[in-house]
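Colleague: I have the model open on my screen and would like to talk it through with you. Could we start with the sheet and then move on to a few other places?

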Amino acid sequence: MTQMSMKSINSKVILVGAGPGDVDLITVKALKSIKKANVILYDALVNSEILEYANENAICIYVGKKFNQRQYEQEEINQMLVDHARKYDTVVRLKGGDPYVFGRGAEEVSHLERYGIDVEIIPGVSSALAVPAMQGIPLTKRSINESFWVVTGTVSNGTISRDIGFAAQSTATIVILMGLRNFSSIMSEIQKHKDQFTPFAIIQNGTLPNENIIVETINNYKNVIRTIDYSSPGVIVVGDVVAEHPSFLEEEIQRVLEMSF
């Protein structure tokens, strides 16, 4: 038997979406898989409280990657999944949000399937959807827009995605993940295509007790650069729907009042 066709009897790797941060937003099916797992490989954006649901004998291994900080390279994680699947019945790969939304889940599935290992996918609540919603920002609203784009703020070479410019030319709401470190470049590109008074929001630590939001308009984006905590994850939302946020409405009322005097 060749290495490529080796397979542990009854072994399975389950890619599990842990949701956007709040433990209560993880799915029931995800929790069931965590409880029965022999090994759990978890990412940086996974709320550590979720691991309290694991079997007391489960092996929990941190494999998170942050900016300039990574425990393992992706190729090493891929191989770890294979190695553990050969030794244990159930291996859970626990990822923040949804495994198939900028989570490199598809790469891990392809690698596991090359070795004949069974894989199951349990979707998670993506931060792209949940974080704006928890702040009262609808991604779509009748008479305002008909769609939304979810775009990565940083591609593999460190630059911003070309899709940001394409999205900015549409009426769609733009949701940008992993974009804080390229915030200035992203907003500069969007500014070329959007009305200068289009609102945007930066939401950090979404759905968690220390959640923070900054709401402004595109023409003032440079004013918030120094206020961003680049050590915390964040979601950028750009579009007229951001005006639904209570703080934006309050600021607009204040501006009107100031102009009247």
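Modeller: What follows is a short tour of the sheet, a helix and a loop residue.

Modeller: Please keep in mind that this is a predicted model, in which local features need pLDDT of at least 70 and side-chain atom pairs count only at pLDDT 80 or more, while totals for chains, interfaces and linings use all residues. Residues are numbered from 1 along each chain as its sequence is written, and side-chain values use heavy atoms, with hydrogens and water left out.

Colleague: Fine. In what order do the strands of the open sheet come?

Modeller: The order is β3-β2-β6-β1-β7, with parallel pairing throughout these 5 strands; strands here are DSSP E runs of at least two residues and helices are H or I runs of at least four, numbered from the N terminus, and two strands pair if DSSP finds at least two bridges between them.

Colleague: And which strands stand at the edges?

Modeller: Those are β3 (59–62) and β7 (118–122), and each has a single partner strand, so one side of each is left without a neighbour in the sheet.

Colleague: Which helices pack on the sheet?

Modeller: Helix α2 (residues 74–87) touches β1 (12–17), β2, β3 and β6 (90–95), where contact means heavy atoms within 4.5 Å. Helix α3 (residues 105–114) also packs on the sheet, touching β1, β6 and β7.

Colleague: How many residues of β6 are buried?

Modeller: 6 of the 6 are buried, so β6 is largely enclosed by the rest of the structure; buried means under 20% relative accessible area, with exposed over 50% and partly exposed in between, using a 1.4 Å probe and protein chains only. T90, V92 and L94 point one way from the strand, and V91, R93 and K95 point the other way. On the pairing side, β6 is joined to β1 by 6 bridges, with L94 as the bridge partner of V16, and to β2 by 4 bridges, where R93 stands opposite L41.

Colleague: Changing topic, which residues of α6 are buried?

Modeller: In α6 (residues 183–191) they are F183, I186, M187, E189 and I190, and they pack against α5 (163–168), β9 (173–177), β10 and β12 (234–238).

Colleague: Last one: is T207 buried or exposed?

Modeller: T207 is buried, with a relative accessible area of 9%, although its place is in the loop between β10 (199–204) and β11 (212–217). Leaving aside residues up to four places away in sequence, T207 touches P20, G21, D22, L25, V131 and M134.

How values were computed
Axes are lines fitted to C-alpha atoms, for helices over the stretch in contact, and angles run from 0 to 180 degrees between N-to-C directions.
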